Amino acid sequence: FLKILDDPYETFMQRHLRHYGLFTGRNAGCQGGLAAAGSWERSRGYLLPDDNSQDTNGSASDTEGDKEGTRKTPFFPCPDSLLLEQALLNTRQLVFDAEGGRRGPRLRAPRSLFAIPSRQGPSQGPRWPVECEVIKEEVRHIEWEPAEPEEFYQLTGFERTPLCVGEERGTVVYCIDSGTSRMETPSCPSRSLSLSYCHIKLTQGARAILTEADLNSVSPNDLHESANSCTALTGFGQEGLHDYELTLRADLYTTKHTQWYYFRVRNMKAGVTYRFTIVNLMKPSSLYNMGMKPLLYSEQEARARGVGWRRAGANIRYYRNQRDQEGQSLYSLTWTCQFPHEGDTCYFAQCYPYTFSDLQLYLSRVANHPVRARHCKFRVLCRSLAGNAVYVLTITSPSPSPAASLAKRAVVVTARVHPGETNSSWMMAGFLDFLLGDSPDAQLLRDTFVFKVVPMLNPDGVIVGNYRCSLAGRDLNRNYGTLLRDAFPCVWHTRNMVKRLVAEREVVLYCDFHGHSRKHNVFMYGCDNKSSPAQRLLERVFPLMMSKNATDMFSYKGCKFRVQKSKEGTGRIVMWRMGITNSYTMESTFGGSTLGGRKGTHFTTQDLKSLGYYFCDTLLDYCDPDQSKTYLCMKELCEMLHQEIRKKLENLGREADSSVALSDVSVSDIESSTSGSNSTESDGLPAHLLDLAHKYKKKHLRTRKERNRLRLGHVQSREQKALRGNMSLLQSSAALLADQGMKREAQEKPGSGTSQERKIKKVQHIRTERNRTGRAWIPHPSTGIAVIGEGRLWDSNQEK
């Protein structure tokens, strides 16, 4: 179609008609014909709907490589032209947009970039490996907010700590083949138990599921896919009449990371106390020993009373058991529970589930909203290893010109790189709700910034129910610096997107949402800018402002700013090294708050969403043209850090000096480690490349210092070897000469010749031996040790 513009006749006629005032915007008839052409194209289905075909910003999708706002739309012939009509009949890639007061055609964005479900057509469903067999039974949970905050469990110190029973003494209710992760029909006696029929489902994002009644009725077809959120139980055995022992499946293609659960039980008896014990958890400490309760969802309660997820359980204890795995100790979590209804279907979870299908449903609602869709452009950043879409959202207001668009600063927000940290998705949902809302603050944020949002970085892990890893068997949040695009596509493309964004405009802030299983409250991890005096303490201002906005949930004391070597591959450090000063990880607890009026209570989904609201509010405060808040925060930070330095010096037994300057002290050194979860066993190459790496192991390249040290060692070794050889040769030669002299004296008779004659014969004999061997004894000038030389002595004075 673009070849039409290169046609000489068309170019000549275009200039000729412009000379007479046609096609210059002064001809209303032509404009009307253009509008008519647009309606004609729409009637034939060549144009997208208005809410999808309009660009929210010419530069909003520049990270994908298309800078539409900076390109001039070429002039096209009149829509009534037969050549134009013929071209339009041959393509569906053109849409008409108004630019500069004139409607002109442009190329439609490739459809492959849009994978958001809409009313017009079906969307691609979740994809998973063959090791996870599922049935497509949809599970939905209602959202519910309790009237009063749910309090922590108060430990009594008398909670039971059941020993692991195992298959030897217990009844195996369900077993999964650890080699293939496929369900097998258990061999069980046909007798009635309280939870007698165990039906397992894989609801994506949690890893296992129990269900119904009649042990001998279990079939291999009872796996369940609930749009990505599942816990995998490798074993479920009965210890007593109402006691059950559960074993969690490790992250797929690993033997680690058994910490998160989400399972279903059915056909229980009301009023009976059941005990559940998970026996292969791996972290040495947990929030369950600090008051956190498991979550319970009852389908009958949801239908009858509209009650959703609530905290439940008693006799809760997290403890070390007598088992170990590969030399690492294992831990158990036990709790008791009474179900509210007879024969109900209930779910247990560590945190409020949020699945990949939940995300697709949310994005579908945004895409089909007449107002929100104008501010949000959807793209597929990349495809995961299983082929699932990794979405990236560009949120901003339309700009009047490309220059105004490029003047906007950028903010990057990501979430769910760890699949089991579902609370990060709820924070992301609150962030998007606020940003796409109609409030004045939301409009101001869209007018000021370009937001790049990746709401789910690890869809594969969410779908198969992993806690921490992707299908590569590795922690993605330790591989942001990777060069293996095919093994870690999600983080590789995210890093490259941010790199292009940094080259294009100023990036004010990067934040990755996470969950934390061993600390209460919400806090941030940042990077200390100690190498840049001009930006010193600046990275601490945003977290301090956040703590002032969310006083009952956010703890500034929990924030750390150390840059540790073990965390070099995390998103916050990699983005910080790109030049983003405010690079953070925001951690939300699985439990609740210990601050203010919310002290001793659990977080709800609404609390997690509110953190997204507070994040947006803090961003407005931080970027306010009036920098008085920033100045006050900097002053407060200086005072706080002086106090911490004095306290640290006192603990070390040194006198506190009030004249100590902050520039002389590494502030991050007085902080504790930022380690929350140990992922060292998940570092390195993807699992499927380990054997190949051992086969083609690269030779270790030594540094210059190592090469110099080795070279010096080789020289010294050669000198010592030569010295030892000279010493041995010297000793053997001296012994030989002494032996020959003794033999010669023994052959001579005592009175034969005068003493002068004997001396002359001896000198002649020595001279003869020297001439025969060609060697002489020469004292070494430096060591004083005699060595063998090739020179001949006294050659010039043989007569003497």
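Predicted model: local features only at pLDDT ≥ 70, side-chain atom pairs only at ≥ 80, totals over all residues.
User: How many helices and strands are in the chain?
Analyst: The chain has 20 helices and 24 strands. Both are DSSP runs, numbered from the N terminus: helices are H or I with at least four residues, strands are E with at least two.

User: How much of the chain counts as buried?
Analyst: Of its 800 residues, 50% do. Buried means under 20% relative accessible area, exposed means over 50%, and partly exposed is in between (1.4 Å probe, protein chains only).

User: And what share of the contacts is between residues 24 or more positions apart?
Analyst: They make up 75% of the contacts in the chain with a separation of 6 or more. Contact means heavy atoms within 4.5 Å.

User: New topic. How many salt bridges are there?
Analyst: The count is 18. A salt bridge is a side-chain nitrogen of Lys or Arg within 4 Å of a carboxyl oxygen of Asp or Glu.

User: Why would such side chains pair at all?
Analyst: Side chains of opposite charge can pair when their charged atoms come close.

User: Which residue does aspartate 433 meet?
Analyst: Its side chain forms a salt bridge with arginine 372, at 3.9 Å from N to O. The pair links distant parts of the chain, 61 residues apart. Aspartate 433 sits in helix H10 (residues 423-435) and arginine 372 in helix H8 (residues 372-375).

User: Are those two buried or partly exposed?
Analyst: Aspartate 433 is partly exposed, because its relative accessibility is 21%. Arginine 372 is also at 21%, so it counts as partly exposed.

User: What about glutamate 539?
Analyst: Glutamate 539 bridges to arginine 540, with the closest N and O atoms 3.4 Å apart. Glutamate 539 is buried, at 0%. Arginine 540 is buried too, at 2%.

User: And aspartate 621?
Analyst: Aspartate 621 pairs with lysine 629, the closest N and O atoms being 3.0 Å apart. Aspartate 621 is buried at 14%, while lysine 629 is partly exposed at 41%.

User: Which residues join into one network?
Analyst: Glu421, Arg468, Asp475 and Arg478, through salt bridges that share partners.

User: Back to helices. How do H10 and H16 cross?
Analyst: Their axes come within 7 Å and cross at roughly 50°. That makes H10 oblique to H16. Axes are lines fitted to C-alpha atoms, for helices over the stretch in contact, and angles run from 0 to 180 degrees between N-to-C directions. Under 35 degrees is roughly parallel, over 145 roughly antiparallel, 65 to 115 roughly perpendicular, and the rest oblique.

User: Which residues make that contact?
Analyst: Among them are Trp426 and Phe434 of H10, and Leu608 and Tyr613 of H16. The contact residues divide into 10 nonpolar, four polar and two charged. Ala, Val, Leu, Ile, Met, Phe, Trp, Tyr, Cys and Pro count as nonpolar, Asp, Glu, Lys and Arg as charged, and the others, Gly among them, as polar.

User: How does H11 pack with H16?
Analyst: Helix H11 (residues 440-448) and helix H16 (residues 605-622) pack at about 60°, with axes 11 Å apart. That makes H11 oblique to H16. Asp441, Leu444 and Leu445 of H11 touch Cys616, Leu619 and Leu620 of H16.

Definitions and conventions: Residues numbered from 1 in each chain as written. Heavy atoms only, no water.
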